[in-house]
Amino acid sequence: MTDRQELLTIAEAAVDEAVAWLATAGGGWSTARFKDSGEEVTAADIEVESRVTRVLTARTPRIPVVGEESSTPGTPLPARCWVLDPIDGTMNFARGAPMYAVSLAYVQNGIPRVGVVEAPGLGRRWTTPGRPVNARPVAEDVGRAVVGVSGTGSGQGGARRILDRLQDEAYRVRMQGSMALDLVGVAEGWLDACVCIAPKPWDVAAGVALCRERGRAVLGADGTVFSFDSPVLLAGAPGTGRWLADLWESI
């Protein structure tokens, strides 16, 4: 199966299943506990991943599902796969904040080709491929750029230093607590750029697809095209992306 529109239809059906369940799930599903990695997880993360995986496995049995809660970090992605973050922004979800998302992408040879990001708390969904959109232009001048930053709790030593520099040089810094929604923000233009520190494939795959469809630069640590082995993702207008890459290398 190679038709992107057909894959998108399947992806949306899987996300529909998750969102419908989340709308009826009780508060007990959102109680957080800590994984060995130190990240928070809830019973809802596990249940959403299970429900989405069941739909995808039934509809595309030859395409494996790589989900955050059932996969081993650092394992190379298959040549083609679904990549799923059942709840990106679990800390927000567990506290009743609306900035969390179900993020699902189809990835082929390391390139996200189909993406669905649903924010149930906001009642919004973004997809690619999708209808043509007139995304808001994003700033090329860092001094006028609103920059989203996520992943600052990852333990990466550069997080504090890059925040300090951005506070000094960017117009504004925003921390939403969801890499998927930061990338949606860049795709839509409510953020001019974003920095995702220590991104995992499930955190960013769908958002990368959305940004690229809308002509945004998505770069890795060395300023070249982002790949999933990069310690940082930098997205925005080409000039802003290059400036952020230079900043990352300098800290």
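## Packing of helices α1 and α2

Helix α1 passes helix α2 in a right-handed crossing. In this predicted model, α1 spans residues 4-24 and α2 spans residues 43-59, and their axes come within 9 Å, crossing at roughly 150°. Angles over 145 degrees count as roughly antiparallel, and the two helices are therefore roughly antiparallel to each other.

On the α1 side, the contact is made by Ile-10, Ala-13, Ala-14, Glu-17, Ala-18, Trp-21 and Leu-22. The α2 side contributes Ala-44, Glu-47, Val-48, Arg-51, Val-52, Val-55, Leu-56 and Arg-59.

## Burial of helix α5

Helix α5 covers residues 179-188. Nine of its 10 residues are buried, so α5 is largely enclosed by the rest of the structure. The buried residues are Met-179, Ala-180, Leu-181, Asp-182, Leu-183, Val-184, Gly-185, Val-186 and Ala-187. After the helix comes Gly-189, which has a positive phi, near 100°.

## Asp-182 within α5

Asp-182 belongs to helix α5 and is one of its buried residues. Despite being buried, Asp-182 has no salt bridge. The nearest side chain of opposite charge is that of Arg-174, at 9.6 Å, whereas a salt bridge requires a side-chain nitrogen of Lys or Arg within 4 Å of a carboxyl oxygen of Asp or Glu.

With its neighbours within four places in sequence left aside, Asp-182 is in contact with Gly-148, Val-149 and Ser-150, as well as with Gln-176, Leu-191 and Cys-194.

Technical notes. Residues are numbered from 1 along each chain as its sequence is written. This is a predicted model: local features need pLDDT of at least 70, side-chain atom pairs count only at pLDDT 80 or more; totals for chains, interfaces and linings use all residues. Side-chain values use heavy atoms; hydrogens and water are left out. Helices (H or I, at least four residues) and strands (E, at least two) are DSSP runs, numbered from the N terminus. Buried means under 20% relative accessible area, exposed over 50%, partly exposed in between (1.4 Å probe, protein chains only). Lys and Arg count as positive and Asp and Glu as negative; His and the chain ends are not counted. Contact means heavy atoms within 4.5 Å. Axes are lines fitted to C-alpha atoms, for helices over the stretch in contact, and angles run from 0 to 180 degrees between N-to-C directions. Angles under 35 degrees count as roughly parallel, over 145 as roughly antiparallel, 65 to 115 as roughly perpendicular and the rest as oblique. A crossing is left-handed if the near helix is turned anticlockwise from the far one by less than a right angle, and right-handed if clockwise.
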